[in-house]
Amino acid sequence: MPAKTARPGFGMLAILLSAVGIAPLLNYGLNATSDLVIRDLGITESQFGLLATVCFGCAALGNAAFGKFSDKQPDTRLLLLIFGTTAVALGLAAIPAGFVLLLVASGLAGFAQSFPNGVTNRILVQRVPSAQRITWTGIKQSGVQVSQLVGSLGFPMLAAVIGWHGASLVGAALAAILAILALRIVSATPMLAAPAPRSPQPDKSRPAPATAPSTRFVIIALSSYGFINGVGVQATNVYLALFAVRELDFSLVAGGLTAAVAGIIGVSARIGWGKMMSRGVSAPRLLLLLALLAMVGALSFLGAQQMHSPALLWLAVGLHGASALGVSVVLMAALLRAIPAKNLGSASGIVSAGQFGGFTVGPAAMGLLVGSAGGFTAGWITVTGIYLCSTFLGIFLVVRAKKRA
């Protein structure tokens, strides 16, 4: 009986963060050990990029196809899908059966990423008081970067002892344990009173009352931005460790550390951007700022390669973590302001599908560029151009918001 009246606390926040972060764990772990995986399986850089392409392609399709399905499913069932499917994916990756099975595992890990944003957004609206909501959005969206941190540090360290297959098995056990905890904590947290989810939304949307009827434009704009940013994010994430090892002569563990540092900064950035959103800062302005910082980061990667400079690499890693990796929280917080709770699953699914569409294109394109005569030089020039496009979109959104104010 006491559990039924409990207010959401640290346990609920940890589960929301874990639900967002668990599915990408396989992808980040493979990225961090990419040089080892490529040599072990005897594959090319482009084939390695195909793992991320399959993963994010399945996630994009899942988010687009299952948005309405997730609106109709209970929270516990969706959480079980997320954690259970991830455990199976990591378990398959632990089997040393070659590249094709690893592709299947990556696809399952992508499918598991079809539901986290929708169900966690709905849990926030229906079970968490409005005063905590936007701040918690920043924290739970940082789950992806927590996953990047855990995968980028944990996989190389475990791989040194039990191999990357063994590291995948440890990840599968972690996902299974979290599934049990998630079901217990969410089941023990009651819904808010029915009127509560609707009343705070006009206040949160105060900067743009005139845009309330234009939720369709909000979803399209956020999806488009998410797609463009997503191309640059995963083009960088998937090949970051490999870039450090191959171009700047880092060790395997040190290469993984670059991605881990990006993840650490990304966690802080997402929480920070979430707090700024909770104070009423507009999403278009933040998206423009993030695009500009990401573009400077891409130029820093290019400079690090041309000058063989570890210092510039670490600067680039910091800018990447603070900017490109922080976009998701702004997109999700903007949705919470504009979309009714009953439609959050489908709206989150569409915006997430845009992001994962970009995630799908980025690694494949970067893999082709890295494997070409242009190598990483062509890759970083392309990533810079991608962030320039997101900058132009950010400027358009800021100008439009001013006109409608």
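Helix α13 covers residues 252-278 of this predicted model. At 1.5 Å a residue, its 27 residues should span 39 Å. The end C-alpha atoms of α13 are 39 Å apart, which agrees. The expected span is 1.5 Å times one less than the number of residues. Helices are DSSP runs (H or I, at least four residues), numbered from the N terminus. α13 is followed by G280, whose phi is positive, near 100 degrees.

Residues are numbered from 1 along each chain as its sequence is written. Because the model is predicted, local features need pLDDT of at least 70 and side-chain atom pairs count only at pLDDT 80 or more, while totals for chains, interfaces and linings use all residues; side-chain values use heavy atoms, with hydrogens and water left out.

The predictor's confidence in each residue is given as pLDDT, from 0 to 100. Its mean over the protein is 86, and 93% of the residues reach 70 or more. Residues 1-5 stay under 50. For them the model has 5 contacts (heavy atoms within 4.5 Å) beyond four places in sequence. pLDDT is also below 50 over residues 196-213. That stretch has 20 contacts in the model beyond near neighbours in sequence. Where pLDDT is low, the predicted coordinates should not be read in detail.

Helix α1 (residues 10-21) has 12 residues. Its first and last C-alpha atoms are 16 Å apart, close to the 16 Å expected. Of the 12 residues, 9 are buried, so α1 is largely enclosed by the rest of the structure. Buried means under 20% relative accessible area, exposed over 50%, and partly exposed in between (1.4 Å probe, protein chains only). Among the buried residues of α1 are M12, L13, I15 and L16. The buried residues pack against α2 (25-32), α6 (75-93), α8 (116-127), α9 (130-141) and α10.

M191 is found in the loop between α10 (143-187) and α11 (200-204). Leaving aside neighbours within four places in sequence, M191 is in contact with Q126 and R127. The C-alpha atoms of M191 and L248 are separated by 52 Å, at 57 residues apart along the chain.

The structure holds 11 aromatic pairs. Rings of Phe, Tyr and Trp (its six-membered ring) pair if their centres lie within 6.5 Å; planes under 30 degrees apart count as stacked, over 60 as edge-to-face and the rest as tilted. F243 and W380 form an edge-to-face pair, 5.2 Å centre to centre with 80 degrees between the planes. F243 lies in helix α12 (residues 215-248) and W380 in helix α18 (residues 375-404), so the pair ties together parts 137 residues apart in sequence. F243 is buried, with a relative accessible area of 0%. W380 is buried, also at 0%. The rings of F301 and W380 have centres 4.4 Å apart and planes at 10 degrees, so this pair is stacked. F301 lies in helix α14 (residues 283-307), so its pairing with W380 in α18 ties together parts 79 residues apart in sequence. Ring pairs link F243, F301, F376 and W380 into a cluster.

The charged end of R400 sits over the ring of F217, 3.5 Å from its centre. The criterion is NZ of Lys or CZ of Arg within 6 Å of the ring centre and within 35 degrees of the ring normal.

A search of the whole structure finds 0 disulfides (cysteine sulfur atoms within 2.5 Å). C55 is in no disulfide; the nearest cysteine sulfur, that of C58, is 7.5 Å away. C55 is buried, with a relative accessible area of 2%. C58 is partly exposed, at 30%.

Notes
Helices (H or I, at least four residues) and strands (E, at least two) are DSSP runs, numbered from the N terminus.
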